[in-house]
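I opened my notebook beside the model today.

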Amino acid sequence: MTEFRALLMNGPEGAQLCTLTEADLPEGDVTVAVEYSSLNYKDGMVLMGQGGLAKTYPHVPGVDLAGRVAASDDPRFAVGDPVILTGWHVGERHWGGYAGRARVRGDWLVHLPDGLSLRDAMLMGTAGFTAMQAVVAMDLPPESDVVVTGASGGVGSVAVALLSALGHCVTAISGRDAKYLQDLGAAEVIARKDWMAERARPLAPKRWAGAIDTVGGEMLARVLSSIADEGAVASVGLAGGTEATVSMMPFLLRGVKLLGINSVTCPAEQRAHIWRRIATDMPMAQMKDAVTEVGLDALTDLAPRILSGEVRGRTIVRLGDA
Ligand code: NDP
């Protein structure tokens, strides 16, 4: 029986590296030989036992994975097919990608689109998928002015690179250095502390047609007040807070739309469309300085750091030879 390495949690805190066999895996109709996973904000929460995301133990975290089908009872997937999985509460309620094998439902899998490698798929991962989902939802006119918050994070970095590659003029709001974001394609970088120090108003001068907000809280409220007539804000995350006091003025006087983005339950057809758009539109080379590749052994140290906003860009987790 195939043995593989896994990061296993026996309780809400304290993940340990161990060796498992396929007999240890939960039930499912497709077994995937995982080549890559990635580190996302939610993985930090699961690894640190925050938010009650993992319901049962023992548990293997990892909210996304890319690999090849090793065994399948689902006629849509043949042995050897390259596949991607994001969402569906994998890595939270189901064992996830931080193991050499994953057993999952075929309904959760997407075939890897042409033009994308398995590594590229996890360079994007849940963060990149969500950034593209937000771009599709906003449906901006060409050459729009757009703002990205939490811009140096995983979702933010992909969003900046993607929006600029699509021809939009991107402003990044960030607590980190401007050079990194300019290299990703940001035309302007606003320091987070300067932005938050400005006087908050229900309606501020109109600056942007769209926004991808990964921070939430007070940041979301401030961004909403600066969106131009008929603009859209894609609310993606809450790294800076779950609650915001939001004025109704931007909605009523400017027709601003607030779009909730949920990558976890995104319907299958839209999911495949988003991955195809990633394969065709995402400037992968642009991300070369925004990616770090690690093994399973690095994740327990990285978990608290992603929650405090210290992890820059995307972190890929290599499983293949782990
Ligand atoms: P990261 O940790 O990689 O990025 C978050 C960034 O937010 C930080 O790098 C930092 O960037 C900024 N930030 C601002 N204020 C804070 C704060 N108080 N604490 C921590 N960070 C702060 O996370 P991800 O990009 O992976 O995820 C961002 C958010 O999006 C999370 O809330 C996550 O749960 C959510 N998410 C939602 C999805 C969905 O389906 N809706 C899918 C994926 C993620 P800077 O210094 O540049 O300001």
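How many residues lie between β1 and β2 in their hairpin? I counted on a predicted model, where local features need pLDDT of at least 70, side-chain atom pairs count only at pLDDT 80 or more, and totals for chains, interfaces and linings use all residues. Residues are numbered from 1 along each chain as its sequence is written, and side-chain values use heavy atoms, with hydrogens and water left out.

**Entry 1: the hairpin.** I found five residues between β1 and β2. Helices (H or I, at least four residues) and strands (E, at least two) are DSSP runs, numbered from the N terminus. β1 covers residues 3–9 and β2 covers residues 15–21. They run antiparallel, joined by seven bridges; two strands pair if DSSP finds at least two bridges between them. I noted L8 opposite Q16 in β2. In the turn, G14 has a positive phi of about 90°.

Entry 2: Next I looked up β9 (residues 169–174) and β10 (residues 188–191). These strands run parallel, with four bridges. T171 stands opposite E188 in β10. With helix α4 (residues 178–184), β9 and β10 make a right-handed β-α-β unit. Right-handed means that, with the strands pointing away from the viewer, the path from the first strand over the helix to the second runs clockwise.

Entry 3: Most residues other than glycine have a negative phi, and most peptide bonds are trans. I looked for exceptions.

- The peptide bond from Y57 to P58 is cis, with omega near 0°. P58 sits in the loop between α1 (41–47) and β4 (64–72).
- H89 is not a glycine, yet its phi is positive, near 65°. I placed H89 in the loop between β5 (82–86) and β6 (101–104).
- D139, also not a glycine, has a positive phi of about 50°. D139 is in the loop between α2 (118–138) and β8 (145–149).

**Entry 4: two domains.** The domain assignment gives domain 1 (3–112 + 285–318) and domain 2 (126–260); such bounds come from an automatic or database assignment. Their C-alpha centres lie 28 Å apart. I found 15 residues of domain 1 in contact (heavy atoms within 4.5 Å) with 16 residues of domain 2. Together the domains bury about 1200 Å², 56% of it on carbon and sulfur atoms. Buried area is the accessible area (1.4 Å probe) that two parts lose on being put together, summed over both. In domain 1, Q286, M287 and R312 lose the most area to domain 2, together 40% of what that side buries.
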